[in-house]
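Here is a short briefing on charged side chains and a pocket. Have the sequence and the 3D view open as you read.

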Amino acid sequence: MRLRKWLILGAVAALIFVLGFLGWMEFFDLAGKDMSVLGLLEATFGLFRWKTFFPGFAKILNLGDYEIPLILDIARITAPWITLFGFIALVFSVVRSFATSLKVRLFYRDHVVVFGCEETCKYLLNCVKADYPSSKLVLLKNSNTPSYVCSTFEENPVIVGNLEDTDILNISAINKAAHIILATNDDSINMRLLKNIEQFFRNSKRSSTEIWLQIEDFKSYETFKGYKGEDPSTGIDIHVFSVFQRMAAQTVDSFSPDQFIETAGKGQIEIALFGLEALGQWIVLEAAQMYHFNNMKKLRVTVVDCNVDKKIEDLLRICPSLKRVIDIQPVDLLAFLEMDAPNLLSNVPLCFITWPKVQEIDFISRKLRQIFFKAEENLEIPKIVLVDVSSYQGSEIMKESLDSLNSIGISCSCPTGISIKNEEECDNLAMQIHNIYSHLPQKELEVEWSRMTDYFKDENRYAARHLSMKLRSLGLEAVSSDDPRDPVDLMAILPENEQILAQVEHNRWLARKLINGYVHGKKLDRKLRDQLKIHVDIRPWEELSEKDREKDLVVLRNTNNVFKKIGKKIVPSKV
């Protein structure tokens with residue numbers, strides 16, 4: 001039975017117990033009999049064990065002339081039914097739990113097992129259903145997790161228990177699952193669950209199982225990106241993901257500054273961020289890796305928050321080289337709220353709001369628009385993007401508020417459609433970029449790609465994501481091959497732009513390496529280089545040799561081919 005119903009039943013039982021106790025006190029007082037507190041408690045508990053003593057009990061005590069107090073009468077009639085209902089509910093709960101476990105073990109094959117059906121991970125289940133629409137789901141949650149968290153997924157079996165207990169692996173038929181998602185709110189628990197599952201699969205005959213490990217801490221996330229499992233023979237295919245990183249990547253790509261202002265000038269591009277909690281940190285890190293434009297200037301990020309200096313310090317502790325990539329300007333929230341004009345934000349074309357407290361988002365969003373509208377009387381600039389998170393979903397009040405904010409020029413980047421898997425189109429493009437250097441037939445390329453760690457896949461994924469920005473700087477875009485527009489001859493356009501774009505690409509690559517902890521050093525073999533994170537090309541474009549600069553040109557010169565291989569062509573952008 002649901003925890004809420006148990007709590008309600010317990011509250012009613014407590015009320016009846018109090019009524020019974022007071023009723024006994026009144027009864028014996030009327031009878032002129034003394035009764036100890038222990039005796040009163042025993043008599044009251046007796047009401048819940050079908051010991052309804054009236055009227056027989058009254059006759060034995062020669063109390064036939066005394067009326068039964070009303071509250072005692074209510075208690076003696078109600079208490080046995082509460083006991084009966086609780087017993088039936090308990091039996092039903094045990095039977096239902098056993099039936100659920102039996103159904104999963106006997107009838108579930110190639111299903112998806114999700115560890116961590118918790119309140120803040122609720123939106124993950126929508127993602128999982130979108131990623132695996134034809135697969136059955138089995139949800140595993142800790143016994144102390146509120147039952148309402150999974151209430152919207154009642155059609156799926158929910159198994160309750162200690163997630164770190166190895167017995168739960170058998171109950172969920174994990175050896176028959178095609179996909180396992182470890183998504184509790186605690187990174188360390190997710191890592192321990194992975195170890196338990198790896199140990200379990202050493203004795204399993206399952207040929208292939210895909211595991212998705214959720215890690216929100218940036219350092220741990222990048223570390224586990226290179227993890228492929230302790231024993232490859234178990235058939236486990238391990239991938240690391242962060243829903244916050246997925247949300248940040250989608251938002252940063254969808255609302256790039258070059259879509260709203262000219263980025264080829266000499267001025268520094270600026271963005272603002274409101275809220276530097278986990279999601280805000282990922283927005284900054286994604287922007288630092290992706291926002292590299294033809295002006296060759298470092299991105300400037302203004303962070304508005306409470307206790308902002310401490311939060312920036314925490315971010316720099318996560319990523320010590322971040323200041324080599326971007327300029328960070330802190331602004332205290334109170335100072336911002338006291339502004340009558342944008343002042344420090346006057347040159348900001350793009351603002352992201354990732355504020356964690358729902359009750360404050362509406363106020364901050366409106367205040368931000370008020371300040372800029374008073375200065376510019378324009379609802380289009382700056383572009384204000386509210387990065388919506390899971391807690392807003394399903395709230396009718398918040399939906400109305402989002403509609404209202406949208407009417408005053410505040411866009412909403414929602415997690416709807418966010419996949420825990422990497423976007424297929426981006427992966428296909430990244431795979432073709434990787435093949436510029438490998439020169440493999442498609443089938444061999446797919447095999448090689450599948451064997452790569454996610455860390456090295458990401459090297460190509462970020463390059464693939466940035467191609468759209470490079471194309472926009474040329475007034476171009478990649479579209480489906482069936483688009484009616486005629487393709488452009490990119491090789492005719494590139495020569496006068498390729499040096500600038502190659503430098504932009506080097507800056508992007510350099511930013512990613514610095515953020516991931518690489519330092520400059522002498523040339524090493526690939527394995528040692530990436531273990532120590534020492535790379536000879538961690539230096540400005542001006543210091544690179546012509547040979548090293550060619551590495552940044554080769555992808556540009558193959559842009560037409562990589563898009564063609566994924567069924568796309570390059571055409572002039574729509575005006």
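The residues lining the largest pocket divide into 20 charged, 12 nonpolar and 8 polar; here Asp, Glu, Lys and Arg count as charged, Ala, Val, Leu, Ile, Met, Phe, Trp, Tyr, Cys and Pro as nonpolar, and the others, Gly among them, as polar. This is a predicted model, in which local features need pLDDT of at least 70 and side-chain atom pairs count only at pLDDT 80 or more, while totals for chains, interfaces and linings use all residues. Residues are numbered from 1 along each chain as its sequence is written, and side-chain values use heavy atoms, with hydrogens and water left out.

**Pocket**

- The largest pocket holds about 1300 Å³ of space. A pocket is an open set of points on a 1 Å grid over the protein atoms alone, where a 1.4 Å probe fits, with protein on both sides within 12 Å along at least five of seven lines; lining residues have an atom within 4 Å of a point. The volume is the space filled by probe spheres set on the points, which are joined across faces, edges and corners.
- Of its 40 lining residues, Phe456, Glu459, Lys513, Arg526 and Arg529 are the closest to the centre of the largest pocket.
- Two or more lining residues come from each of helix 8 (218–224), helix 15 (424–438), helix 17, helix 19 (498–515), helix 20 (526–532) and helix 21 (546–557). Helices (H or I, at least four residues) and strands (E, at least two) are DSSP runs, numbered from the N terminus.
- Helix 19 gives the most to this lining, with 6 residues.

**Salt bridges**

- The model has 31 salt bridges, each a side-chain nitrogen of Lys or Arg within 4 Å of a carboxyl oxygen of Asp or Glu.
- Glu286 and Arg465 pair in a salt bridge at 2.8 Å, N to O. This pair links distant parts of the chain, 179 residues apart: Glu286 sits in helix 10 (residues 278–290) and Arg465 in helix 17 (residues 454–473).
- Both Glu286 and Arg465 are buried; buried means under 20% relative accessible area, exposed over 50%, and partly exposed in between (1.4 Å probe, protein chains only).
- Glu164 and Arg192 form another salt bridge, with their closest N and O atoms 2.7 Å apart.
- Glu164 is partly exposed at 29% relative accessible area, and Arg192 is partly exposed at 39%.
- Arg485 forms a salt bridge with Glu477, and Glu477 is partly exposed at 26% relative accessibility.
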